[in-house]
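Trainee: Please take one part of this model and go through it closely. I would like the geometry and the contacts in one connected answer.

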There are 2 protein chains.
Amino acid sequence: MSSIAIRSMGPEGTDVAKLSAYGEARSTVNKNPLTKDELEKSTKYFYASLYLSLGMIYLKQNPLLREPLQTKHLKARLLGHWGSDAGQSFTYIHFNRLIKKYDLDAIFISGPGHGAPAVLSNSYLEGVYSEVYPDKSQDIEGMRRFFRQFSFPGGIGSHATPETPGSMHEGGELGYSISHSFGAVFDNPSLISVTMVGDGEAETGPMATSWHSTKFLNPITDGAVLPVLNLNGYKINNPTVLARIDHEELESLFLGYGWTPYFVEGSDLDSMHQAMASTLEECVLKIRQYQKQARESGKAFRPRWPMIILRAPKGWTGPRKLGPHYLEGFWRAHQVPITDVHTKEESLKTLEKWMKGYEPEKLFDKNGTLVPELRELAPSGDRRMSANPVTNGGRMKQKLHIPDFRDYAFRDVSPGATFAGSMENFATFLRDIAAQNLKSFRVFGPDETQSNKLQKIYEVGKKVWLGSYFKEDEDGGNLALEGRVMEMLSEHTVEGWLEGYVLTGRHGLLNSYEPFVHIIDSMVNQHCKWIEKCLEVEWRGKVSSLNLLLTATVWRQDHNGFTHQDPGFLDVICNKSPDVVRIYLPPDGNCLLSVADHCFRSSNYVNVIVADKQNHLQYLSMEDAVTHCTKGIGIWDWASNDAGEEPDVVLATCGDVPTQESLAATSLLREHLPDLKVRFVNVVDLFRIQAKSFHPHGLDDKEFQAVFTPDKPVIFNFHSYPWLIHRLIHSRASSHNFLVRGYMEKGNINTPLELAIRNNVDRFSIAIDAIDQAPRLGNSASGVRDRLLDQRVKAQNFAYHEGLDIAELTDWRWPY
Amino acid sequence: MSSIAIRSMGPEGTDVAKLSAYGEARSTVNKNPLTKDELEKSTKYFYASLYLSLGMIYLKQNPLLREPLQTKHLKARLLGHWGSDAGQSFTYIHFNRLIKKYDLDAIFISGPGHGAPAVLSNSYLEGVYSEVYPDKSQDIEGMRRFFRQFSFPGGIGSHATPETPGSMHEGGELGYSISHSFGAVFDNPSLISVTMVGDGEAETGPMATSWHSTKFLNPITDGAVLPVLNLNGYKINNPTVLARIDHEELESLFLGYGWTPYFVEGSDLDSMHQAMASTLEECVLKIRQYQKQARESGKAFRPRWPMIILRAPKGWTGPRKLGPHYLEGFWRAHQVPITDVHTKEESLKTLEKWMKGYEPEKLFDKNGTLVPELRELAPSGDRRMSANPVTNGGRMKQKLHIPDFRDYAFRDVSPGATFAGSMENFATFLRDIAAQNLKSFRVFGPDETQSNKLQKIYEVGKKVWLGSYFKEDEDGGNLALEGRVMEMLSEHTVEGWLEGYVLTGRHGLLNSYEPFVHIIDSMVNQHCKWIEKCLEVEWRGKVSSLNLLLTATVWRQDHNGFTHQDPGFLDVICNKSPDVVRIYLPPDGNCLLSVADHCFRSSNYVNVIVADKQNHLQYLSMEDAVTHCTKGIGIWDWASNDAGEEPDVVLATCGDVPTQESLAATSLLREHLPDLKVRFVNVVDLFRIQAKSFHPHGLDDKEFQAVFTPDKPVIFNFHSYPWLIHRLIHSRASSHNFLVRGYMEKGNINTPLELAIRNNVDRFSIAIDAIDQAPRLGNSASGVRDRLLDQRVKAQNFAYHEGLDIAELTDWRWPY
């Protein structure tokens, strides 16, 4: 313990030398695998990549600087990031050597922010870029176009966007490179994902916990992730935490995360080449050794997998100083490294000298093509990381075998009277999908799969767990070294895994408590953006949809209280492109099956299914459910009494609890006001109510009117915040006829019925709304209204007094 | 490196004994500070707390079991969580001893999910609960009420909700206990925040990175956080990662995070008491030693602060098994430990025996009051952790000294012609606020303060940094051991710090790129819920508002691309209670000052300010800005030409870029169609457009009509997604007259103007909209329309060709 006493910090403090990114390489492995010739070529190839990186940032003409550099050759607006390019490219190039030597199946994930020049330049150097985009050919004009398009309107961005060959991780929002990589290697036993992690990115929460993913990786059935933490020391304007802690702390941290950290530190090129080449090789050999041991013995275990900490200067190989200011090795190297090249002749000269310092004339032949001796350094064909087909998951998509969902139907459903657990039933379907796709389907969730009543899936695939085992685990722990369920209490990590899994051609489902799916708003947002952009990239195939099952929903979070009541994820989804988002609120078990089947078969969407896990009323036979879900919206004749006539009022519903409550309201109205003509409508596919011009699922205005009438009052009982309905129907001519009820952010510790009452979605409130809105009634129903109000008050009082729902909520059945 | 080779895992693997929570205590510190009498009393006090915890979960009658337990004494619906109660209470009680011994100023943060029984029972035992809620008196009837209210409708929840004395951290959503604690101790040099961290919670991303907060804590000016990681082994249905990794890994992890981990492990009560008492004491002494060293020397440094890993069984002291199933030490102890007490006589007996095993008759006297010898164990007065005034930040709120914002005004503003940086100007105001409140105001952000042009604040308070320093830092690093700016690349951590800071009576601002504030949707959500509930808790004062400044907004993310374009945070905010949320979109610099001043002076809100960081047109003199912002919405006469008449069309705007574009559209219309009467409206306070019945800031219908007319077309140009406007105005009679433009999720690498064009918020599109919508024009303006269309196409083509905005966007000035 004595070694962990106080460290003095501050300017006069720590032994900075130990943290320095400069000088001769210092590394965990010290071999010299490269010949002098290989060393030279490594530097040249590295220079070629760096030259291209700078070219992308600066040039629109004169790509090989064969004329003296003039401002007219520069892009008018300079954009792009230089800081992380060198460290990333350095790693990429050295991994190329190992791919060739060991015939590795590998991909490269670029985590650091705006690090695209590193991967773009390498894709161009290895020829893939020109194969994919023939106009960016391997010659002077191709290179000019390649430069010009970068961070240019109509061109490509500064992250590893969908347009980037070999990318399945854009990195626009930071923190997900490791979880994406693990998702990619699950069930891909031959794959190694070389994952660059930025030290800025490493400060994010999602990244900080995703290092623990090794406890969920099986060395027999899964591939390997080889993280390279690119410790270049700086973010936009700040040092990074991990670059400024003691060496021992840093090493301890990754040992603690369960990895074996290998260090490669310095700036001297030759020794750094040797260090990186030998360290990467050692890591690859370790990975293969662990895999071999597990695969030959048939015994899975958790190795302390290797990872690399690459400490090299930010903006490595750039000028150390520009005037009085540090550039290389400081945060000023983050973005465009020299900004005043348009206006300052000296700066333009500095840039030219710098770029020429890479000696492009030795790297590219007179046509502008990489010289043959360097071209050989890259692997060939699909072994090139930017050509690995796994990163184009849509083209690699495995067929999902789905049993007939009709076989799982609730049978003999008596509408509104049958009472059963939709989610438990759905779990059987899910189990059998998993059984038929044991290598390409997984279920993800943050420790809630059992709570969400999906545990039947454990019959074919338990929860993957490579941590230690205790004897208690035999008592229903449902853990296994190999399984189909992935659970960690990090919505970020499980979402990242699922995204990585889907983007590499497989299939899955994430289940979450509804309130806490907000934790991944931002991740789902980014995934939507990724798949939307992919639609514009013609060489990308459509990946399977990201299926999100939101359960433990707001209306049954009465007992967990206010913090657990938030159905607002749907609002976030509705802001995304209509080309990629779908929302379903199946009212009962057969509809849930039908909707889920549809979602599993779909491609390139984010499908959100909202369905409660508790027992619920069932309404539709399987046949009716299929019809209903196919239409996505429908009038339930059996619950309506307006047959052949105009209704007095429309009771519309969307969501399981609202459907039940409005049906009960219908029953109250029929009992007390039998002459009132009520039409009962249910919406499964939320976007049906939006205008067709806004969403492809939208009804046209005629269809909308046929369901909701042009002029009758509509009491719309909605699962989520009511405003979302107003937003979706704003352009409908009859929108002012809608009174929408939903969660109004009113809750605490409640009973389900009392929570409903507080937000006016309960049967009494809905019936009262109908009475108030139905124009024909006038004051004639005021007695009934008073009785209903009285019942509502009694129900609330009962809850406060007894802490139980009165029988209505769970025992009520449709009596007709 | 040999010690970190493969570990075999799996059932036959790891040395489980080293990870066991059972048996004699094993601890880092092995002293025996407690006398036999103290030991006995510690156990009794612990039992009293556990008895109360079970009572809360089960009983509504017969609180002290003085009658044989019958089902009628039980709550009808059993709710509550037992799993983490013992570990938390154990810690609480042992810290009480140290508070008394050293007169410590301490609070207790309860991180584990649903762990309220532990803190509620301790608050009750130390008398605070009865002082705050006299009907929950320290006698039999008070105890009965105390039990009954727990997880009961109309009562209190299972987290440390706002109703809980001593709580400033609810813990409904997991992951924020450490960041909240750090926020609480910043600028609170005497305070120690004892922070229980659940090992489930520890898997979350926000928690995983928040351990690094020590790099931002100054031992001279700030207090200390003492984390106790409650390693009870299980989440809801799963083991936890940290409980199932090797001891060395676990120790390494926390050494790596920069802490000194002390272990206390076992289940045997006497030895665990000694271990916990001595270990906590050692930690407190270490904290005081570090603080003394720093404070006496005047030299701040980063100690490796102590933290405790408490490994004790989940559901500790409960039955080890229930029938064939494990309870204590397994996940089955998570929630209600025995669930079938209503229906199974044997289970009822087991519960009774268990509860009586705590010997309540020895703990509480005949009135039901804790016996005097145990009451002495708790501290007194405000030293009781549940009475510490700092947790009721509203009552402790420090006065914020704010200079007159008018002194920072842009002067001689020529409307629509003055061009200046609103954000840079605001930074001066911010700097002077910081200067006047050096102990109670901080600015938080994820590495973007400088990028967001707020760096002027460094003149009075630099960025706090307790990591190592390099010589480069002198080159504009703006780092300091003590400062006012808190930057870490974790939106979660900086938001958690700010929340903790504000909730303990101080003030602050978080600045973020607009797109990535979605990362903390969920945290802000939870903060809204907290402050809303606080309004219902009469003894809580109002804390200062959580001020969020969203900049680097969607319209200037043209160059960073699609991943950086998301203005949807406002939708999340709009779903929260109107009592606590406010949204402002100041169109220019003087409005920004006025709005910010208002936000800093306000209480108990989440204020969201959206304002771009780039240079922008200025519109209003300070006097006009104050008037405009006070009204929150207004007709800009100088930009309108409908004086004294009905306009043909209303151009409404909200947000800086939309305001500029619609103003330019107005100018185009005036140039080409001088007879067209245009009314120009600007909205600063977004909720003004919502109906008064939905939000207190809402205009009444008459006011709304007076601004927007009852029947004229309104082209509403909005900063964010257009749907939000439709949602807010849905109940307005004239809502169908609104054509709303905004971000339509269309973007890539663009120029600002081209991005605007793609989403139809640009000057040409808006002018065309006006022509299309103005009923009076008919086809008469078709020539103008064609010309505008042509200009729009040319602007786009220019962008694709030159990569620059044509002069319009940045050079355009209002010519009238």
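Mentor: Helix 24 (residues 763–773) of chain B packs against helix 25 (residues 782–802) of chain B at about 160°, with the axes 9 Å apart. Helix 24 of chain B is therefore roughly antiparallel to helix 25 of chain B (angles over 145 degrees count as such). Axes are lines fitted to C-alpha atoms, for helices over the stretch in contact, and angles run from 0 to 180 degrees between N-to-C directions. Helices (H or I, at least four residues) are DSSP runs, numbered from the N terminus, as are strands (E, at least two).

The model is predicted: local features need pLDDT of at least 70, side-chain atom pairs count only at pLDDT 80 or more, and totals for chains, interfaces and linings use all residues. Residues are numbered from 1 along each chain as its sequence is written, while chains are lettered from A and ligands numbered from 1 in the order in which they are written.

The crossing of helix 24 over helix 25 in chain B is left-handed (the near helix is turned anticlockwise from the far one by less than a right angle).

Now the contacts. From helix 24 of chain B come Phe764(B), Ser765(B), Ala767(B), Ile768(B) and Ile771(B). They meet Val784(B), Arg785(B), Leu788(B), Leu789(B), Gln791(B) and Arg792(B) of helix 25 of chain B. Contact requires C-beta atoms, placed from the backbone, within 7 Å. The residues of this contact divide into 7 nonpolar, 2 polar and 2 charged (Ala, Val, Leu, Ile, Met, Phe, Trp, Tyr, Cys and Pro count as nonpolar, Asp, Glu, Lys and Arg as charged, the others, Gly among them, as polar).

Elsewhere in chain B, helix 20 (residues 656–672) lies across strand 20 (649–654), strand 21 and strand 22 (714–718). Helix 20 of chain B runs at about 155° to strand 20 of chain B.

Conventions. Two residues are in contact if their C-beta atoms, placed from the backbone, lie within 7 Å. Angles under 35 degrees count as roughly parallel, over 145 as roughly antiparallel, 65 to 115 as roughly perpendicular and the rest as oblique.
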